[in-house]
Amino acid sequence: MTPKGSIPVLQVRSTLVVSIQVELRDTIADAFQEDVLQRIAATSAGGLVIDISGLEMVDSYVARVIANTGRMAKLMGTETVLVGMRPEVAATLVRMGFRMEGARTALNLDEGLDLVEDLLRQRRGRERRGQ
Amino acid sequence: MKQQAMVKVRLDEAELQSRRAFFEIRDEDLRRLASLRAFADKYTHEVVEDLYILILGHADSAKLFVDHALVDRVKRAQREYFLGLFSGRCDFAYAEDRLRIGFAHERAGIPPKWYLGAYSRYMRSIFDRLLAELKDVNETRLAYQSAEKLVAFDMALAMDAYIAAQLQTVARHRAAIQELSTPVIRIYERVLLLPLVGTIDTQRAEQLMEAVLGKVVEEQAKVIIIDIAGVAIVDTKVAEHLLKTTEAVRLLGAQTILSGISPTIAKTVVHLGVDTSSMHTRSQLSEGLELAFDLVGREVTPSQGKRGSSGNARVGNAQR
């Protein structure tokens, strides 16, 4: 169904869920970003949850691709939440001085979906108030 | 146990050969000692008794040997040791046996000074008896030198055993201190507390971050309160470490509350120009707790009858 090495993008109601279970090499990372953005364009999904609990290591390139995907999704009107980051990965990113600015995070998939709903509700509130 | 002794001192066949070469223990030495077996049998009792005249005659060393049963036991071990010198062996099993003696001394709390001092008396005692037995000065000299080489070899092993045991104790203490220095406690469902006391250097900050991150994921904690009231000095480095930990905790999907911020710490942080906008901060741990409960959807209300007393509070479901 999906080409070998690519990452499936699932849809749960109006939220897209991506679970990265393979090592993200540069080419896969780029393809992943392209796939996700295409799916957002096709579905107009309100939220995007990226599960990275399967990632044991993240280098600065992959971290940037993930963070940027969130920023791009935001421009397209989709709220992104990153879930399941491993302690070692968080420690490595912080030690590298890499800042995942603006990236929203949650402990697990369940809470990620909750947070997406919260974020969308907050956004509607702000927009209604004309902020 | 035996195996352990060898591992602690890292003794293998190559090491054994290297030691034997350095102490110049040759086969002829071992042969010479083996030929004195009759001498050894004859004098073993005397030599050991003589040793205990010294040990028990000295007020301080005698304190270690107040128990008669113990004295009998060590004397027996000493006699075996003496006979071992004239066994004509200096192999792996021999070294293992010597190491074990070293560890036994350490465990019994016999300091190296008594151990070495007793050896001095021991060697003089052996010399006198060799001379009495062999009569010939040159032969005595050769026999004594062979025994002396082997004894020096034994002493080196015993010293290594002492040092290995001490290092092990130090390592055990260090592990205990490390564990105590990052006590991440679960104080409520999904709320963790890390009370920090003492000095935070880079090494400790690293451990701290690892402990915090691991525990957050393990407990699926939403909030961790880091109380720094007991931290001696908060400087740029410490502030940076705390910021990094906060950021890493955020990446996991949890939040950090920094409590115990005294006026001094507040002044330092502002003067240092550290950006703490990503942190929740509170002056008192109690306020940190209230915020933590708020963040996990609980609220703290004063208990009835003690209205206004912050010492008696109840945690209930927050009405959202």
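Analyst: In this predicted model, the side chains of A:Glu111 and B:Arg190 join in a salt bridge, with 2.4 Å from N to O. The count of salt bridges between chain B and chain A is 3. The surroundings of these bridges can be described by residues and by area: 18 residues of chain B are in contact with 16 residues of chain A, and the two chains bury about 1,600 Å² between them, of which 57% lies on carbon and sulfur atoms. On the side of chain B, B:Arg250, B:Leu251 and B:Leu252 supply 36% of the area that this chain buries against chain A, which is more than any other three residues.

One of those three, B:Leu252, also takes part in a contact inside chain B, where it belongs to the H11(B) side of the packing against H10(B). The axes of H10(B), residues 202-219, and H11(B), residues 236-252, come within 10 Å and cross at roughly 20°; an angle under 35 degrees counts as roughly parallel, and the two helices are therefore roughly parallel to each other. H10(B) passes H11(B) in a right-handed crossing. From H10(B) the contact draws on residues including B:Met209, B:Val212, B:Leu213 and B:Val216, while H11(B) brings, among others, B:His241, B:Lys244, B:Ala248 and B:Val249. Sorted by class, this contact has 9 nonpolar, 3 polar and 2 charged residues.

Elsewhere in chain B, the axes of H4(B), residues 37-57, and H6(B), residues 68-85, come within 9 Å and cross at roughly 145°, and this crossing is right-handed. H4(B) contributes residues such as B:Phe39, B:Tyr43, B:Val47 and B:Leu51, and H6(B) contributes, among them, B:Val74, B:Gln78, B:Phe82 and B:Leu83. By class the contact of H4(B) with H6(B) has 10 nonpolar, 3 polar and 5 charged residues.

Turning to chain A, the axes of H1(A), residues 26-43, and H2(A), residues 60-75, come within 10 Å and cross at roughly 10°, which makes H1(A) roughly parallel to H2(A). Here A:Phe32, A:Val36, A:Leu37 and A:Ile40 are among the residues of H1(A) in the contact, and A:Tyr61, A:Val65 and A:Met72 are among those of H2(A). The class count for H1(A) with H2(A) is 9 nonpolar, 3 polar and 2 charged residues.

Conventions
Residues numbered from 1 in each chain as written. Chains lettered and ligands numbered in written order. Predicted model: local features only at pLDDT ≥ 70, side-chain atom pairs only at ≥ 80, totals over all residues. Heavy atoms only, no water. Axes fitted to C-alpha atoms, helices over the stretch in contact; angles between N-to-C directions. Helix = DSSP H or I, 4+ residues; strand = E, 2+ residues; numbered from the N terminus. Parallel < 35°, antiparallel > 145°, perpendicular 65-115°, else oblique. Left-handed = near helix turned anticlockwise from the far one by under 90°. Contact = heavy atoms within 4.5 Å. Nonpolar A, V, L, I, M, F, W, Y, C, P; charged D, E, K, R; others polar. Buried area = accessible area lost by both parts, 1.4 Å probe. Salt bridge = Lys/Arg side-chain N within 4 Å of Asp/Glu carboxyl O.
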